[in-house]
Amino acid sequence: MFGVWAVSFLIWAMLIKGDRLSDVYAETEKYLSYVQQVNDTNMLYAFTLQRQFLLNLQDISQSTDLLDDYNSEDTPYIEVWRQKNNFEHGINWYCFLKIQLSYLYGRYEDAVKAAEEADKTLAVNSGFFPIIQYHFYYPLSLLALYPNATLEKKKQYWDIIREHQQTQKNWANNCPKNFLHRYLLLSAEIARISGKYIDAIESYDRAIAKAKENEYLNEEALANELAAKFYLEWGKERIAQEYLINAYYCYTRWGAKTKVDELEECYPQLLAPILQQTRSRSDSERVSLFTPNETIANVNSIATLHPSINKSVTSSSSASIMLDLAAVLKASQTLYSEIELDKLLTKLLQVVIENAGADKCALLLLKEDRLLIEATAKVGEQSTVLQSIFVEDSADVPHNLIYTVKRSLQPTVIINATVHPVLIADPYIIRQQPKSLLCTPILHQGKLLGILYLENNLTTGAFTSDRVEILNLLCTQAAISLENARLYQQAQDTLENLGQTEECLRLIIDNIPQSVFWKDCNSVYLGCNQNFAEISGVGVPENIIGKTDYDLPWIREKSDYYVGRDRRILESGQAELSIIETIQKVDGKQTWSNTNKIPLRDREGNIFGILGTSEDITERQEAQQLLQEQKQQLEQALQELQTMQLQLVQGEKMSALGNLVAGVAHEINNPVGFIAGNLEPAKDYVKDLFGLINLYQEKFPNPGSDIQDEIDAIDLNYLREDLPKLLDSMKLGVIRIRSISTSLRTFSRADKDYKVPFDIHEGIDSTILILRHRLKANENRPAIEVVRNYGKLPLVECFAGQLNQVFMNLLANAIDALEQYNSENSLEAILANPNCITIETRLADSGQYILIKITDNGVGMSPQVKQKVFDHLFTTKPVGKGTGLGLAIARQIVVEGHGGSLSCTSELGKGTEFVIQISTQQQ
């Protein structure tokens, strides 16, 4: 049993370290019979999954249970594992292989599903190294899905990605040879989705270099492919081509024909320099990738200055198939892996010296239509990169041969230069006496880039057709590499300038007083300046990338507000400016900001994000708030002044009225008291006088004619009867006058500085008594009827004088409304709707307060008048008849003085009702 596990881990190790797939499969063939003989079904199926993985990468037609679209009619054994849950290691291994295979084929959602399945049983594999595939290809799959994910998914993905990146970082610190390239590739992809292109470029290149240095061929291929996709998204197609060709060669060397076919299908234009070479080959031959039929110049059409060269070259074309493809592939890969010009020139000459049979080599590049010698190399010596020497100024190459190739753009092979009729007189040939020469143009898309010159000083005819084919191939790839190196140098210069521009822009953004931030269409932050980084609590701008407002220290409602506003801007395409809002800083301090948000658009006008600026206006807002508070204080002071004015005016008015009424009552009281005090004695005196008259009549029945005539004249009998009645009537009059005096004193009573119990009905009646003269009939109308519907009320603690003032104002206004009604209507209309004031009082059901309703059937009020009826100095009465103070004072007395309420209900043409509500027990 342990032997089978050892075999399985051996295959895992070969898979992970990127051994050639055919070699790994051959290793499985070697152990297949042994695994079958052990009779362990679980391990046999796990071993079969590894073989399916290898075969499918080499040939897509090979079926596998690792892909959801397998064609087998039988239920895959993985379902048995899932149902029985009896081999969790196997489920994990299945998922690890599926994650990698699905990711390589661009089936990222399948990869994520496999990772999520692996999560359930991941703990059982924590001590086995295949788990590293999960920690690498799972976050890569999430990074591939991230740009098109929802906002919620992005947040979830980001957390998982950063967790796996930290795992890779820890492993890379402990074992850089195995994990550093993986950590760098993850970092490059994270930088890509974060918009940090300069960081991404550096990480991709370092990942490729480390994978190559530590011979992880499979992940070198992957890193090149991802870098190519990055440059394509950026619009840098020429740079992307170089990385894609490198990926193509790496996948070829790894043996992943399925990936090779996928690249050819997806990127035919970028791979055109390679595909052109294989166009006429069959599928079985195409996998070699390197055939010379269509290179810089067709071997069969080589122009030569010696008649025997055509035969020697063409006769060897059939032997080209037998070239050492591994050596050619390695040489080509060496050229493609280098994009820095100086290093490329050195490697190019080394490769040419090693593979072309030359002992001297020179590379000339065309600049502004002039050839310059850029590098030279000799067997056994280090290649020398020169400082761009013009060919006419150099004595190291035969000028005539160089110029001939420049004009014809055809390669030229010289069998023996010392006897060649054209070159025999060349100064260089005379001086150096080289034997064999080969001079070939380096063309890219038909355009001359340079010339490669080779010589062999020992042998004539050294440059055979095999050598020419190899050189032809190398020149093709050299042309691509030289062009890529040139583009790379341009890109580096551009990036350097871009970096300087970006740094300058960063300094500008960081030094402006406003906070600046920008987001994508999912409200995910792409960047910000230092001010916003400090406000949002992330410290530095780099830390905000990938976060949303829900990751920042705002409250949930604030984050919802920000995201909702972003969504509105993205949907409408309209900027929202001067948004005044509050921000809760990390230190808990609340600040005010003036925020502007505008949609970001690309050259086609499509919205791809939001740019926001925010200015701290806390000081301005606090100043405005202070100004507002001062304004409110002034308004309050004015209101208090007006209230005081009301109180003074009304106080003076009521004081004068009270003094007048009290004075009148006092003046009436004295004579009334005098009269009342003398009425009883007068009655006694009259009684005595009548008794005396009766006695005279008894004693003197015949008083004489004169006395009798006087008795008849004064009607003594009537006088006897009426005089007592007259005195009784005078007594009733005195009682009435005393009642009026009491009412006057009740109305004019002076309030104390505290509330006292008071009979509300007594206050209302005294007010009616004072206004009685206005209620009487006159020549224009009948009397105004006052209907009292008094309920049973307790004594109310109040300021009695103030409430009498309220009753006076309300009843006087009711009479005014009736007078206005009468002036606008005929007597018949008045008689049809008699003037009436109804006063209703009752105790509320709760017993806590009383209600006093005063209703008239006068003109009523419009809604506009009703809305202003309690306003200070508002009146509808003519000048001289109203001050606009009465109802304002009444409301102040009821609401502020007694904690009650005064409301008004009115309908125009129907009448008005005022309702007073005050508590029976005042605080």
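Predicted model: local features only at pLDDT ≥ 70, side-chain atom pairs only at ≥ 80, totals over all residues.
**A lysine to start with**

At 1% relative accessibility, K519 counts as buried (buried is under 20% relative accessible area, exposed is over 50%, and partly exposed lies in between, with a 1.4 Å probe and protein chains only). Local features need pLDDT of at least 70 and side-chain atom pairs pLDDT 80 or more, while totals for chains, interfaces and linings use all residues.

Task: place K519 in the fold and find which residue its side chain joins in a polar contact.

Solution. Begin with the element: K519 sits in strand 7 (helices, H or I with at least four residues, and strands, E with at least two, are DSSP runs numbered from the N terminus). Next, look at the tip of the side chain, where K519 meets the side chain of D549 in a polar contact of 2.7 Å. Such a contact is a pair of N or O atoms within 3.5 Å; within protein, one must be able to donate a hydrogen and the other to accept it, and residues adjacent in sequence count only if both atoms are side-chain atoms. Finally, check the other neighbours: leaving out residues up to four places away in sequence, K519 touches several residues, including V524, L526, D566, F608 and I610 (a contact means heavy atoms within 4.5 Å).

**Positive phi angles**

Task: which phi values do Q433 and S523 have, and is each residue buried or partly exposed?

Solution. Keep one background point in mind: most residues other than glycine have a negative phi. Q433 belongs to the loop between helix 20 (427–432) and strand 5 (436–444). With a relative accessible area of 38%, Q433 is partly exposed.

Then take S523, another residue other than glycine, whose phi is positive and near 60°. S523 lies in the loop that runs between strand 7 and strand 8 (525–528). At 1% relative accessibility, S523 is buried.

**Distances across the chain**

Step two is N85, found in the loop between helix 4 (77–84) and helix 5 (88–104). N85 is partly exposed at 42% relative accessible area. From N85 to T121 is 36 residues in sequence and 9.6 Å from C-alpha to C-alpha. Not counting residues up to four places away in sequence, N85 touches V80 and I91.

Step three is Q820 in helix 29 (residues 800–824). This residue is partly exposed, with 39% relative accessible area. Between Q820 and V859 there are 39 residues of separation along the chain, and the two C-alpha atoms are 6.9 Å apart.

**A covered helix**

Task: how many residues of helix 27 are buried, and which side-chain oxygen reaches the backbone nitrogen of H761?

Solution. Count along the helix first: helix 27 (residues 760–770) is mostly covered, with nine of its 11 residues buried. Among those buried are I760, H761, G763, I764 and I768. Here a general rule is handy: an α-helix has 3.6 residues a turn, so residues three or four places apart point the same way. Then go to the start of helix 27, where a side-chain oxygen of D759 comes to within 3.0 Å of the backbone nitrogen of H761.

**Confidence in the model**

Task: what is the mean pLDDT of the protein, and over which residues is the pLDDT below 50?

Solution. Take the overall value first: the mean pLDDT is 81, and 83% of the residues reach 70 or more (pLDDT is the predictor's confidence in each residue, from 0 to 100). Next comes the stretch to treat separately: over residues 278–326 the pLDDT is below 50. Beyond near neighbours in sequence, this stretch has 84 contacts in the model.

Key. Residues numbered from 1 in each chain as written. Heavy atoms only, no water.
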